[in-house]
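Here are my notes on this one, as numbered points. Have a look at the structure first, then read on.

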Amino acid sequence: MTADMDAQTRRVYLVLLLAPLVVLAFVYLYPLSRVLWLSVTVPTPGFGNYERLLTSSAIQGVIWTTVRICVLTTMLALVIGYAIAYAAVHLRGWRGELLLFFVLLSFWLSVLIRAFAWLTLLQSRGVINTWLMDFGLIDAPLALIRNEFGVVLGMVHYMIPYAALPLFANMRGIDPRLVPAARGLGAGPVQSFLKVYLPMSLPGLISAGILTFIFSLGFYVTPALLGGGKTLMISEYIAVQINDTLNWGLGSMLATTLLLSIFALLAVMSIFVDLRKVFGVK
Amino acid sequence: MELAPSKPFRLTVFGAWLAILFLTLPFAVVFPVSVTPHRYLSLPDGTWSSRHYQTLIDDLTWISSIGDSLIVATGSTLLAILLGTMTALACWRISTRASELVRMAMLAPMIVPSIVHALGFYQVWAQLGLLDTYAGLIIAHAMKGTPYVVISVSAALANVDLRLEQAARNLGATALQALWKVIIPAARPGMLAGSVFAFALSWDELVVTLFLTSRNVYTLPRKIWDGIQDNINPAIAAVAAILIVLTAVVMVARILLARRQARLATASVEP
């Protein structure tokens, strides 16, 4: 494609291409490479930090907690997001638009405000516990935060728009006459959904699932606030290593592991879907 | 033939509205809490007070944290627009395997978890003396915002014919003139959309901020975070209420503006 350019055009566009890349290399890729480097040099050169992945039960516990919470979050966010997207695409007029408006509103609202709202509702002297006790339904406050329940609730709440919006974009591209055609040919509503609609929305489900899972894996704010230091996910665990124990070797090793796991996931997923479409550049 | 909505469809719609309640109701709780007369987080019991809103005005750290957030978000958005638009323009025109690789590299900060690049920034910024400076935080946030500008400008350019550039050149424009007067105007809607993302991202960013700043640069998310950690103060509910209303107003304004533009566009086509 560059063959059709004269020398002047090529110069201009090469500068446009390379200047941001140079900036990225110096202020982003170099710092990232420092993290990878520290993970194999601090405190001593070698893969000692990585051995901890196999030997430390504390680390394995954190990784297992993270994976469990992220799988659960992704599945719940996908199911709920699918229902919202399906309704938004198929409802006529203002109802569909209103659904979408609320999803977008929630999408744009600050992550801290979400976590704060949940804390207000769920803490032991929070709104829900106060109400339940006032009505005499419980005697002692329920433990709704500082555990996995609170973390998953907060994360699903955050991730629903991330699942619903790509699904919505995908479903809008599905021919709306297909399901009525299947119905006309004698299929029931459930059958025509399972055999016609669901397969056509599968690429959207995969994309939305990847995005949700990857964003969940590195999540920090919501697990830190709603987990209250009891339910530790990997991001918070890394922060603890750096801030409290100054253990840069362990922290950077876990950061590298997190990063490489995400790239590995993307590589596997790229077999099934075009990643450029998932990230919206095609 | 129009089929009557099936029972499963009606159930799905019902589920969708329940999900919307789940999405939005938790936000509603901050409004009553923000007018509680008590010093602690609680629902008002009969009486209400504006004392927590008063706190936001009297306590100068709230005002200055909003100022810091505005400075950082504006600076990082400008930088992200510059870098992101350059990349998207070049990839649109060049469109080779190599340029695609560059574009994927520019998207990396979107995929890399915040905690991972926060550690990297911290290490390098410490060497460069950029810790706890506006410039340091602006650069870091700009890196996170750039992918969103790349994506939205690429989307805006996707439907722009490559021959437009050649036509401008054939009519005597230099490559730079063609870029400035023909291509960039076509990219402008994407630049605007991307800048909204970049701004919102920086405005709400916490993880990198926690690592890179301490006292000198003190943004609003940092202030809210510290407030939640220390003792949950109802003033946070007042901030939250203001931010929720602000977000809703901006969204409604954007929808109305888009409708008006669409109306004007159809009006100008019709004689």
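1. Start with α5(A) and α11(B): the pair is roughly parallel, a label used for angles under 35 degrees. This is a predicted model, in which local features need pLDDT of at least 70 and side-chain atom pairs count only at pLDDT 80 or more, while totals for chains, interfaces and linings use all residues. Residues are numbered from 1 along each chain as its sequence is written, with chains lettered from A and ligands numbered from 1 in the order in which they are written.

2. The axes of α5 (residues 111–122 of chain A) and α11 (residues 220–230 of chain B) come within 10 Å, crossing at roughly 20 degrees. Axes here are lines fitted to C-alpha atoms over the stretch in contact, with angles running from 0 to 180 degrees between N-to-C directions. Helices are DSSP runs (H or I, at least four residues), numbered from the N terminus.

3. Which residues of α5(A) and α11(B) meet? From α5(A) come A:Leu112, A:Phe116 and A:Leu119, and from α11(B) come B:Pro221, B:Ile224, B:Trp225 and B:Ile228. Seven residues of this contact are nonpolar, with no polar and no charged ones.

4. Zooming out, 70 residues of chain A are in contact with 73 residues of chain B (C-beta atoms, placed from the backbone, within 7 Å). Helix α1 of chain A (residues 7–41) gives the largest share of chain A's side, 18 residues. That side has 56 nonpolar, 12 polar and two charged residues.

5. On confidence, the model scores ipTM 0.92 and pTM 0.92. Chain B averages a pLDDT of 91, and 97% of its residues score at least 70, on the predictor's per-residue confidence scale from 0 to 100.

Notes
Helices (H or I, at least four residues) and strands (E, at least two) are DSSP runs, numbered from the N terminus. Angles under 35 degrees count as roughly parallel, over 145 as roughly antiparallel, 65 to 115 as roughly perpendicular and the rest as oblique. Two residues are in contact if their C-beta atoms, placed from the backbone, lie within 7 Å. Ala, Val, Leu, Ile, Met, Phe, Trp, Tyr, Cys and Pro count as nonpolar, Asp, Glu, Lys and Arg as charged, and the others, Gly among them, as polar.
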